[in-house]
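User: I would like to learn how to read surface patches and aromatic pairs in a model. Could you take me through them one at a time?

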Amino acid sequence: MGLKSIFTSAQAVFLADYTQTERADVKQVFKTLVQTPGLSQTGFQGHEKTAEVRALEDLLARAPQVALIVFWRSAELAVTDELSAGRALDQALDHWDTAHQALLGFYRKHRQNVVLVDFDAFCGAPGSFAALLQAQTGLTFSAAHSSNGFHVDPVYRAIAALKISQSLNSLRIDGELEASSIWPQTRQDTGGARNIQVDAAVARYQKVMSAQTEAAEGLEEARAKQEAEQLASQTEAAEAAKANDLLVQQLHAAQEELESYYLTAQKLEQGAVQQESEAQAAAAGLSDLGKTNDLLTLQLHNVQEELEDYYLALQKREKDCADYESQLKAAHKRKTHLQAEKAAAQEHQDRVVADQTAALEASARRIADLERELGESKDTVAQLVSSTSWKVTGPIRKVKDSLKGSKDEI
């Protein structure tokens, strides 16, 4: 749902003056636009602008169908106003930073219901801004009268511009508010336009932000590389487990293959013996049978060499399996040691809790004993006061007290 659709379907649209300016000409331009039918003005007084943000938050929370047009002042001219009013430079700059950072956070959270407008640029070209507001929100505004701008003390403005150009935080907030606000198609050299110092400071800030972005991208790339390495390590561990399983399977396959070769060798040996017997029984002059016997002998020799190679490979695989089992046992031993340390720490904690519980119980018993002794003392005093002897000796005590008072006076 677009911004224009939200504004045209809103139950109420408020113009929020977040500038707190005291200039009559600025107020007049704002008042002209507020007279537009269908708009309500929300004015804020005082200097506690974070409270104003809370008021706007509360307004949107209670009425979700409300849309806001919020006017803000650029850092340079807002600080200039406070300097003109006698506020210290650092205090004025800190005040603007705090207030507009809160406003920027509010805009980020509710940007679908909020249109930001730079008040200084608006007062320099109110007619263009009225048209832009109408195009952005779909609302109908009355024609705003033109303004000749307003006076800004050049000395105060130069001081503010120099201080702000050295403050990346102010430039960041001012730049983001400016980028999020409605601007005229062509900026005029009015009271709302930035001077050369601030433009240069914004350019430097953009370079710093670009460097920070590159650093963040490098950090993100390093993080991705680290995650890839971790994934590769996990994959390697999984592959090692698979390799172990494969090694076991190959071991079984080798054993079966060795058995097969052994049976084949036995058959070959039996065939060779049989062929040799047949060759001896046959005519000694049959050279073909002799060649066959030699061939079978050679094949038998080759099979024996292959069996030896398989036996050596089997020994190596058995050694690899033994090494892997020793590593698993070492890991299990470390895990058992850690579990034992954890159990010991838990046991120590249980003992400390038990000792503290016993101490609390002893204190409770001591308090009960003291309360009982106090009650007995109170009962004894009450019995003494209510006794006949105490009442009979009452006049004597009074005379004694009066005599003691007379001596003190003398």
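This is a predicted model: local features need pLDDT of at least 70, side-chain atom pairs count only at pLDDT 80 or more; totals for chains, interfaces and linings use all residues.

User: How many aromatic pairs are counted here, by the rule applied?

Analyst: In general, a pair of aromatic rings is described by the distance of the centres and the angle of the planes. In this structure the count comes to 1 aromatic pair. Phe-71 and Phe-119 form that pair, with 5.0 Å centre to centre and 55 degrees between the planes, and the arrangement is tilted.

User: Where in the chain do Phe-71 and Phe-119 lie, and are they buried or exposed?

Analyst: Phe-71 belongs to strand β3 (residues 66-72) and Phe-119 to helix α6 (residues 119-124), so that the pair links distant parts of the chain, 48 residues apart. Both Phe-71 and Phe-119 are buried.

User: Which residues make up the patch of negative charge on the surface?

Analyst: The patch of negative charge gathers Glu-305, Glu-306, Glu-308 and Asp-309. Of these, Glu-305 is found in helix α11 (residues 287-385), and Glu-305 counts as partly exposed because its relative accessibility is 36%, which falls between the 20% and 50% limits.

User: Which residues form the nonpolar patch, and what accessible area do they have together?

Analyst: Val-381, Leu-384, Val-385 and Trp-390 form the nonpolar patch on the surface, and together they have about 350 Å² of accessible area. Helix α11 contributes the largest share of this patch, 3 residues. Val-385 lies in α11, and at a relative accessible area of 43% Val-385 is partly exposed.

Conventions. Residues are numbered from 1 along each chain as its sequence is written. Side-chain values use heavy atoms; hydrogens and water are left out. Patches are made of residues with over 30% relative accessible area and no salt bridge: like charges are joined within 9 Å, nonpolar side chains (Val, Leu, Ile, Met, Phe, Trp, Tyr) within 5 Å. Accessible areas come from the Shrake-Rupley method with a 1.4 Å probe; for residues, only the protein chains shown count as cover. A salt bridge is a side-chain nitrogen of Lys or Arg within 4 Å of a carboxyl oxygen of Asp or Glu. Lys and Arg count as positive and Asp and Glu as negative; His and the chain ends are not counted. The place of a charge is taken as NZ of Lys, CZ of Arg, CG of Asp or CD of Glu. Helices (H or I, at least four residues) and strands (E, at least two) are DSSP runs, numbered from the N terminus. Buried means under 20% relative accessible area, exposed over 50%, partly exposed in between (1.4 Å probe, protein chains only). Rings of Phe, Tyr and Trp (its six-membered ring) pair if their centres lie within 6.5 Å; planes under 30 degrees apart count as stacked, over 60 as edge-to-face and the rest as tilted.
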